[in-house]
Amino acid sequence: MKTTLQLFTESTPNSIQFEIEMLQDFYESEQPSIEKQKEEIQFLVVDDDYDLATYIHDCLSSDFINITVIAVGSGEAALKEIEHRVPDVLITDITMPRMDGFDLISRLRLIRNTNRVKILVITGKELSMQELNQLEKLNTSGILYKPFDSERLIEIVKNTLNNSTEHQK
């Protein structure tokens, strides 16, 4: 964007300053759309329950702007997706066939440049103290217990994005 300021003979230092401030305000008002593109958040949702994965996708898409949400149905599919694009936030179910959430998270943590990925775990079962300790060691950001509503999901995702840890019901 090119901006020119033409000085008039009647201009005073105050009027020039005012014109410069107006141009700065105009320029800054154009910036958010550029900044939003730079700050896009990538979500990867992993759940073998298609309806739940779709629900999470829809909740995130309706509440957040400038995000990409990819939903897959297995840990294996998640790892293949991560080969192409490392998400900012991984939302995964714990109980899935073949590769459960613990295994997925453990494998994710072994992949280079994935230590920044924030992980939100979803589960319908009561977790043992050993499982809770394991999730803490894997540096998860939070646990969301089923059933949950969209408000609770959005609340815990926002907490996750703000680096707060929530390992309680």
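The legends below describe close-up views of a predicted model.

**View 1. The largest cavity and the residues that line it.**
A search of the whole structure finds 1 cavity of 30 Å³ or more, and the space in the largest cavity comes to about 40 Å³. Its lining is formed by Q42, F43, L44, I70, E81, R85 and P87, a set that divides into 4 nonpolar, 1 polar and 2 charged residues. Strand β1 (residues 41-46) supplies the largest share of this lining, namely 3 residues.

**View 2. The packing of helix α2 against helix α6.**
Helix α2 (residues 50-63) and helix α6 (residues 150-161) pack with their axes 10 Å apart and at an angle of about 65°. Because angles of 65 to 115 degrees count as roughly perpendicular, α2 is described as roughly perpendicular to α6. The crossing in which α2 passes α6 is right-handed. On the α2 side the contact is made by Y55, I56, C59, L60 and D63, and on the α6 side by S150, L153, I154, V157 and K158. Taken by residue class, this contact of α2 with α6 divides into 7 nonpolar, 1 polar and 2 charged residues.

**View 3. The packing of helix α3 against helix α4.**
Helix α3 (residues 75-84) and helix α4 (101-110) pack at an angle of about 20°, with their axes 10 Å apart. Since angles under 35 degrees count as roughly parallel, α3 and α4 are therefore roughly parallel to each other. The two helices, α3 and α4, cross in a right-handed sense. The contact is made by G75, A78, L79 and I82 of α3, together with L104, R107 and L108 of α4, and the residues of this contact divide into 5 nonpolar, 1 polar and 1 charged.

**View 4. The cis peptide bond between K146 and P147.**
The peptide bond that joins K146 and P147 is cis, with omega at about -5°. P147 is placed in the loop between β5 (142-145) and α6, the helix that spans residues 150-161 and packs with α2.

**View 5. The positive phi angle of N113.**
N113 has a phi near 65°, which is a positive value in a residue other than glycine. The position of N113 is in the loop between α4 (101-110) and β4 (118-123), and α4 is also the helix that packs with α3 at an angle of about 20°.

Definitions and conventions. Residues are numbered from 1 along each chain as its sequence is written. This is a predicted model: local features need pLDDT of at least 70, side-chain atom pairs count only at pLDDT 80 or more; totals for chains, interfaces and linings use all residues. Side-chain values use heavy atoms; hydrogens and water are left out. On a 1 Å grid over the protein atoms alone, a cavity is a set of points where a 1.4 Å probe fits but cannot get out, and a pocket is an open set with protein on both sides within 12 Å along at least five of seven lines; lining residues have an atom within 4 Å of a point. Grid points are joined across faces, edges and corners, and a volume is the space filled by probe spheres set on the points. Helices (H or I, at least four residues) and strands (E, at least two) are DSSP runs, numbered from the N terminus. Ala, Val, Leu, Ile, Met, Phe, Trp, Tyr, Cys and Pro count as nonpolar, Asp, Glu, Lys and Arg as charged, and the others, Gly among them, as polar. Axes are lines fitted to C-alpha atoms, for helices over the stretch in contact, and angles run from 0 to 180 degrees between N-to-C directions. Angles under 35 degrees count as roughly parallel, over 145 as roughly antiparallel, 65 to 115 as roughly perpendicular and the rest as oblique. A crossing is left-handed if the near helix is turned anticlockwise from the far one by less than a right angle, and right-handed if clockwise. Contact means heavy atoms within 4.5 Å.
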